[in-house]
Amino acid sequence: MTDIFAGLDVVNSYASLPAAFYTRLAPQPLTSPRLLHANPEAGQLLGLSAEALATPEFLDVVSGTTPLPGGQSLAAVYSGHQFGVWAGQLGDGRAHLLGEVVSPSGNWELQLKGSGRTPYSRMGDGRAVLRSSVREYLASEAMAGLGIPTTRALALVVSDDPVYRETVETAAVVTRISPSFVRFGSFEQWYGSPENLRALLNYVVDRHYPECRQAPAGEASDEEGTILRFLQAVAVRTAHLMADWQTVGFCHGVMNTDNMSILGLTIDYGPYGFMDAFQVNHVCNHSDTQGRYAWNAQPSVAHWNLYRLASPLLGLGVDAEGMKASLRHYESAFMERYRSNLCRKLGLASWREDDEQLVDDWWQLLHTQQADFTLSFRALAEAPADPDGFVQRFTDNEAAQKWLTHYLERIDADRLAGDGHSDEAERINSMNHANPIYVLRNHLAEGAIRAATAGDASEIDTLLMLLRDPYTLRAGYEAYAAAPPEGADKLAVSCSS
Ligand code: AMP
Ligand code: MG
């Protein structure tokens with residue numbers, strides 16, 4: 001038998017933190033686990049070949065049956081604000097960190113999700129159902145295909161073990177990989193415990209934000225200076241993530257501070273949704289009855305969450321005004337990225353002041369007509385050549401024509417100024433690389449779940465193939481590019497996973 005892990009350099013940096021940060025324990029393996037799918041792209045990041053992913057040794061590790069050679073399995077503790085309320089101590093209630101692989105592509109922590117109870121499980125059973133595991137597996141790869149920061153998925157393991165939710169479902173384990181699984185809530189855990197807080201801060205800054213130790217001229221080189229630069233850097237990454245989510249129509253669904261990555265990655269895919277019909281206040285999580293995490297609330301929620309991250313750090317003697325100044329960078333970073341994303345999506349050379357109106361009117365048009373988010377953006381590239389076709393997409397043709405007239409004038413203004421695209425073909429090509437044609441719509445994920453429940457991973461393969469390059473139209477996959485069938489908006493996704 002070959003040892004596929006022999007070539008991997010496995011370290012355990014998280015386990016070097018003080019013992020209070022985690023509990024060492026092994027995953028609880030599923031009964032008769034089967035590998036439903038492995039992701040060669042994630043394998044490659046680790047230095048594992050496609051052949052390696054098909055071996056029994058690989059299945060043993062990603063099902064939690066045997067330890068990752070050289071790894072020290074643990075569950076991490078963290079806290080968090082859930083739906084705006086302090087929830088106290090949480091932690092990896094159904095996840096196990098296996099270890100960290102040092103590879104040419106960087107350091108990657110491997111974590112199992114759905115791998116059994118831990119001291120942080122509270123009332124939970126430590127399991128994840130197949131349905132939510134397929135959704136996480138697909139979504140993280142869809143995000144990567146869109147170029148949006150995210151944790152990645154390496155493997156999806158299934159079993160016949162029953163899991164009790166609203167109905168009886170079956171258990172699955174997703175192996176996720178990420179440079180770090182530290183969350184805002186990991187810092188909140190140490191509110192009022194300066195020693196542990198400092199240990200976590202130094203760990204994260206040394207590994208992921210080393211530039212924050214360098215003081216530019218006029219800034220303090222002491223710990224306070226480092227913290228302020230760190231907060232600013234996290235604020236900027238988070239702002240960029242929010243701008244990326246907004247401009248692709250992604251709703252996370254559960255933006256609690258324990259689901260906010262310290263690296264600005266999309267993490268913890270639950271009742272998320274890529275919008276079909278656009279609604280500014282679209283809520284994808286049926287458990288979110290107040291609409292706290294609606295699409296148009298996401299940017300301000302993330303800003304609020306950054307204050308929750310900063311609050312324990314005030315305990316290290318950081319000046320409150322300095323902290324606010326650091327977090328103020330959030331808004332400008334968000335606007336800058338949001339506008340540059342929209343410029344690419346609308347085919348504009350650069351942002352002009354009155355583009356605010358053009359964009360507001362665009363959202364208004366989509367909202368009042370409940371137009372499909374993805375297809376409407378995608379149609380923009382061809383609108384100058386086929387204005388009638390564009391207008392016909394909307395139920396209120398007059399309103400669409402009015403907006404289109406302004407848009408075409410705006411495109412012309414770039415052309416007259418000699419800005420922007422060299423020619424029409426280049427403009428269309430560039431816009432089509434900013435406006436995906438395939439997104440992970442709920443009904444598409446649902447199709448993959450249905451097949452997976454019957455042991456068939458072919459839908460997962462098809463979706464991953466399309467979503468890895470979501471900008472390129474492929475013949476024979478028209479149904480995947482279409483608006484959802486009637487009734488698809490009735491699919492309910494909730495926190496229950
Ligand atoms: P989430 O909002 O899904 O990210 O989870 C919030 C908290 O609940 C985290 O601490 C999870 O580890 C924990 N949790 C969620 N589902 C389960 C489960 N089935 N068993 C144990 N803990 C869970
Ligand atoms: Mg979570």
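Trainee: How far is a nitrogen atom of ligand 1 from an N or O atom in the side chain of Asp 125?
Mentor: That distance is 3.0 Å, a polar contact, meaning a pair of N or O atoms within 3.5 Å (within protein, one must be able to donate a hydrogen and the other to accept it, and residues adjacent in sequence count only if both atoms are side-chain atoms). Before we go on: this is a predicted model, where local features need pLDDT of at least 70, side-chain atom pairs count only at pLDDT 80 or more, and totals for chains, interfaces and linings use all residues. Residues are numbered from 1 along each chain as its sequence is written, chains are lettered from A and ligands numbered from 1 in the order in which they are written, and side-chain values use heavy atoms, with hydrogens and water left out.
Trainee: OK, how many residues surround ligand 1?
Mentor: There are 17, and the closest are Gly 91, Gly 93, Arg 122, Gly 126 and Asn 259. To count, a residue needs a heavy atom within 4 Å of the ligand. Gly 126 has a polar backbone atom 2.8 Å from a nitrogen atom of ligand 1, and Arg 165 has a polar side-chain atom 3.3 Å from a nitrogen atom of that ligand.
Trainee: And which protein donors does the magnesium ion have?
Mentor: Asn 259 through OD1 and Asp 268 through OD, at 2.0 to 2.1 Å. Donors are N, O and S atoms within 2.8 Å of the metal (3.2 Å for Na, K and Ca); water is not among the atoms, so sites may look incomplete.
Trainee: Are Asn 259 and Asp 268 buried or exposed?
Mentor: Both are buried. That means under 20% relative accessible area, with exposed over 50% and partly exposed in between (1.4 Å probe, protein chains only).
Trainee: Switching topic, how many disulfides are there?
Mentor: A search of the whole structure finds 0, taking a disulfide as a pair of cysteine sulfur atoms within 2.5 Å.
Trainee: Last one: where does Arg 339 sit?
Mentor: In helix H8, residues 320–346; helices are DSSP runs of H or I with at least four residues, numbered from the N terminus. Arg 339 is partly exposed at 25% relative accessibility. Its C-alpha is 9.5 Å from that of Val 359, 20 residues away along the chain.

Key. Helix = DSSP H or I, 4+ residues; strand = E, 2+ residues; numbered from the N terminus.
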